[in-house]
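Biologist: I'd like to go through this model with you. Can you put it up?
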Amino acid sequence: MQYLLGLSLLTPLVLGAAVSSPRDARINGLTTDAAGFAEQSYNYVIVGGGTAGLVLAARLTEMTNVTVGVIEAGFLRVGDPKVDTPAFIGQGLLDPDYDWSFQTVPQTHVSERNIAISRGKMLGGSSGLNFMIWQHGSQRDYDSWAQLGISNGWDWDGILPYILKAETVTPSPVGALGYSGRVGTNNDFEGRSGPLPIQYNNFYSPFESPYAQALEALGVPFNPDPDAGNSTGLFNSAACVDVNTGNRTYSPVSYFLPNQARTNLVVLQGAQVTKINLTPGSSAVATGVEFVVDGITYNANATTEVVLSAGTIQTPQLLELSGIGNPTILEQYGIPLIISNSDVGENYQDHTHVVSQFEVTDPTMPTTNLLNTNATFQQEQDALYLDDHTGIYTYTASDVSFHPMQQFFSPIELASSIAQLQSEIAAANLSEWQTKQFQIQLSDLEAGTVGQMELLFFAGDIGGGAASGTEYVDILNFGSRHFSRGSVHIGSADPLAAPLIDPNFFQFTIDKEVVVKGTQIARNVTQTAPLSSFIKTPINPSTNVTSEADFEQFVLENVGTEWHPVGTASLGPQGAGGVVNDNLIVYGTSNLRVVDASVIPLQIASHIQSTVYAIAEKAADIIKSGN
């Protein structure tokens with residue numbers, strides 16, 4: 001039933017995909033014809049049809065005098081319930097049909113564990129795999145980029161208009177989470193005419209309001225307008241869900257399908273780019289890319305620009321494979337050096353997460369697990385989803401909160417953590433770029449102006465493994481402004497081999513302390529009224545986990561990433577942290593640009609997808625302006 005359910009709502013959209021024939025006609029729309037794609041020339045070749053790549057392709061092809069070719073390794077998944085149906089979040093994770101399923105190298109500070117790094121392998125990239133939370137970063141997050149010396153509007157005033165350009169926000173119901181008003185009504189900070197529909201939940205489980213009240217009882221204030229520049233506190237989160245279909249909205253649905261008939265746009269799916277073709281010189285020129293389909297190598301020619309939108313993991317990998325990067329690394333794998341830049345692949349930053357799970361007292365209460373254990377409830381919800389596009393199938397996490405350390409750390413604990421951090425920073429032999437970043441982060445931490453920890457409530461078992469007759473809820477906690485810095489580099493000259501990913505999680509003790517404290521707070525909130533009356537017992541961590549040492553061990557054994565990696569092709573000054581300039585041009589080239597999350601210089605205390613959409617929207621205007 002679930003497969004037919006998702007398919008029935010969106011199949012008509014896919015039938016509009018255009019592939020021209022015969023061969024003497026120019027291919028446009030969606031294609032798997034690698035040879036035909038390679039025979040054509042393009043003004044712009046975009047590497048990666050993910051979140052940013054499809055936004056950029058749609059905006060550039062508004063100019064009818066240019067041609068755009070997009071190359072994507074995955075396939076269009078519109079109509080697939082693992083992607084489309086909000087309540088099925090997590091089902092595509094680690095599935096090779098949907099996910100690149102990368103792994104880190106053993107993490108020195110996390111019990112030498114290899115940690116899974118999921119990245120979307122489909123049209124839409126990770127916007128088809130993520131948890132759909134739609135949130136603006138805080139003003140302080142974006143203004144810190146400008147504070148690093150990055151100009152050209154890479155700050156709150158320059159980024160906010162592009163978030164608004166991408167979104168069409170439908171306000172929340174009245175009274176959601178016990179708040180008397182509606183969220184999402186501020187026209188100054190909510191877009192009303194963008195391609196991407198954004199809505200608030202129409203279904204709230206019986207647990208949502210008690211959770212919010214318990215968190216408020218622990219001193220967390222409710223924030224009625226988190227998109228207005230301050231996202232700290234508890235808020236009702238918006239999500240990438242279309243009120244008209246009840247399905248996930250993401251870049252293929254909102255940016256590609258409406259524009260696929262354009263004769264100047266073609267998207268090749270099922271093809272992996274392996275190299276950027278560069279002509280060396282005082283300013284290297286990108287002339288196109290190599291890509292592989294079924295073991296056959298092809299070339300696509302670009303007459304104006306090549307744009308890398310391959311993401312934080314694969315953008316630096318492709319730069320290095322193409323001869324741009326640290327000379328020592330390139331020499332190790334026999335790759336001729338074209339542009340020396342030791343900052344390529346560095347500055348990796350990510351959020352971490354731990355899931356805490358709790359059994360509820362009443363197994364008949366509606367959660368996502370009840371769809372699998374109660375046939376009557378499933379049938380009722382099937383009807384709501386198919387007929388009205390409402391109900392639990394459209395459910396996403398709505399209780400989201402961001403917290404400065406001062407909210408949960410005592411003054412003594414905070415002073416100790418900061419002193420330890422300062423000692424570790426002094427011993428870390430930081431670069432000038434890292435020193436500037438840490439000065440900003442430490443100032444924000446001490447001022448309590450940016451969330452260092454996130455909590456998120458989910459009415460169900462995200463893993464989907466609940467036993468019949470048992471219902472769970474999950475509380476996820478995240479480290480949202482970590483000091484740890486890692487890297488992504490090639491580990492082979494084989495372009496199809498995964499790169500070496502080293503987030504260097506918990507490089508600094510304070511990062512671990514934030515996640516341990518968050519796991520303890522997750523336990524505490526379930527023991528606080530009124531939520532406590534709904535919770536039977538902790539499941540994971542179990543009731544045996546009680547001491548600080550117990551919680552720390554649990555975190556070391558279970559911490560993972562929130563899959564928000566940024567920074568490996570960073571905006572910044574040349575030779576001092578930057579890989580791209582403030583027009584997103586790769587240093588040392590004239591026409592190779594990066595447009596994805598890898599350009600983010602300093603991690604934001606927010607779910608990052610709205611920011612990635614904004615980067616792509618802003619990049620399109622930069623390119624159109626001739627910069």
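Biologist: Which residues touch the most other members of the largest nonpolar core?
Modeller: Leu 56, Ile 71, Trp 154, Phe 291, Leu 319, Leu 592 and Val 595, out of 175 residues in that core. A nonpolar core here is a set of buried Ala, Val, Leu, Ile, Met, Phe, Trp, Tyr and Cys residues joined through side-chain atoms within 4.5 Å. Buried means under 20% relative accessible area, with a 1.4 Å probe and protein chains only.
Biologist: Which helix gives the largest share of this core?
Modeller: Helix H17, residues 609-624, with 9 residues. Helices (H or I, at least four residues) and strands (E, at least two) are DSSP runs, numbered from the N terminus.
Biologist: What about a second core?
Modeller: A separate one has 13 residues, including Val 110, Val 515, Leu 556 and Val 559.
Biologist: How far can I trust this?
Modeller: It is a predicted model: local features need pLDDT of at least 70, side-chain atom pairs count only at pLDDT 80 or more, and totals for chains, interfaces and linings use all residues. Residues are numbered from 1 along each chain as its sequence is written, and side-chain values use heavy atoms, leaving out hydrogens and water.
Biologist: New topic. Is strand E18 covered on one face or both?
Modeller: Both. Asp 399, Ser 401 and His 403 are buried on one side, Val 400 and Phe 402 on the other.
Biologist: Which strands does E18 bridge to?
Modeller: E9 (residues 233-236) runs antiparallel to E18, with 4 bridges. E19 (residues 453-458) is also antiparallel to E18, with 4 bridges. Strands pair if DSSP finds at least two bridges between them.
Biologist: Which residue in E18 partners Leu 234?
Modeller: Ser 401. His 403 has Met 453 in E19 as its bridge partner.

Technical notes: Buried < 20%, exposed > 50% of the residue type's maximum accessible area, 1.4 Å probe, protein only.
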